[in-house]
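Subject: the model, plus notes

Hi,

Here is the structure I promised to pass on. Please open it next to this email and read the notes with the residues in view.

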Amino acid sequence: MPGRSLQLSEAGQQQARQALLMRNLTQKAIANELAIASWSTVNKFFNGKPVDRFIFQEICDALNLEWSDVVESSVSVVDREMGSNRDGESTPPTPPITLSPYPQPR
């Protein structure tokens with residue numbers, strides 16, 4: 001199952017900023033006029049911070065960018081959400097916490 005957040009690569013950040021200028025748009029215009037997301041979310045997008053996958057793709061569409069060309073691919077947010085560490089190895093899942101109304105023996 002893919003993760004829910006994506007972020008721009010460094011090259012993607014440059015491409016996104018260039019696309020913004022070429023279309024005479026501002027981050028606020030994307031947030032307000034195109035009603036894609038809040039300004040803070042749009043700002044996170046342009047600064048390479050993780051944003052919701054759907055919003056990431058919508059902003060890329062507004063900028064006429066192919067999202068798969070500008071997304072961070074190495075140790076992506078998707079990998080982190082899927083439980084992979086920087087070496088690509090799976091991290092063990094956190095065991096669930098179960099609460100019982102009865103005291104457990106020690």
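Below are my notes, from the overall layout down to single residues.

First, some housekeeping. This is a predicted model, so local features need pLDDT of at least 70 and side-chain atom pairs count only at pLDDT 80 or more, while totals for chains, interfaces and linings use all residues. Residues are numbered from 1 along each chain as its sequence is written, and side-chain values use heavy atoms, with hydrogens and water left out.

**Layout**

The protein chain has six helices and two strands, and from the N terminus on they come in the order β-α-α-α-β-α-α-α. Helices (H or I, at least four residues) and strands (E, at least two) are DSSP runs, numbered from the N terminus. Of the 106 residues in the protein chain, 34% are buried. By "buried" I mean under 20% relative accessible area, by "exposed" over 50%, and by "partly exposed" anything in between (1.4 Å probe, protein chains only).

Helix α4 covers residues 53-62. Which residues of α4 are buried? They are Ile55, Phe56, Ile59 and Cys60. These four sit on the same side of α4, because they cover an arc of only 135° around the axis. That arc is taken from the directions from the helix axis to the C-beta atoms. On the face turned away from the buried side you will find the exposed residues Phe54 and Asp61.

Asp61 also turns up in a patch of negative charge on the surface, together with Glu58, Glu66 and Asp69. Glu58 is another α4 residue, partly exposed with a relative accessible area of 30%.

How the patch is defined: its residues have over 30% relative accessible area and no salt bridge, and like charges are joined within 9 Å (for nonpolar side chains, Val, Leu, Ile, Met, Phe, Trp and Tyr, the limit is 5 Å). A salt bridge here is a side-chain nitrogen of Lys or Arg within 4 Å of a carboxyl oxygen of Asp or Glu. Asp and Glu count as negative and Lys and Arg as positive, with His and the chain ends not counted.

**Contacts across the chain**

Ile59 of the buried set in α4 has its C-alpha 7.0 Å from that of Ile36, 23 residues apart along the chain. Ile36 lies in the loop between α2 and α3 and counts as buried at 18% relative accessibility.

Helix α1 (residues 10-22) holds Ala19 as well as Ala16. Both are buried: Ala19 has 5% relative accessibility and Ala16 has 0%. Ala19 pairs up with Asn64, 45 residues apart in sequence and 7.6 Å apart in space, C-alpha to C-alpha.

One more pair is Asn43 and Gln27, which are 16 residues apart in sequence and 6.7 Å apart, C-alpha to C-alpha. Asn43 belongs to helix α3 (residues 39-46) and is partly exposed at 22% relative accessibility.

**Two asparagines to look at**

Most residues other than glycine have a negative phi. Where does Asn64 lie? Asn64 is in the loop between α4 and α5 (67-70), and its phi is positive, about 60°, although it is not a glycine. Asn64 counts as exposed, at 61% relative accessibility. Asn24 also has a positive phi, near 50°. Its place is in the loop between α1 and α2 (27-32), and Asn24 is exposed as well, at 71% relative accessibility.

Cheers

How values were computed. Accessible areas come from the Shrake-Rupley method with a 1.4 Å probe; for residues, only the protein chains shown count as cover. The place of a charge is taken as NZ of Lys, CZ of Arg, CG of Asp or CD of Glu.
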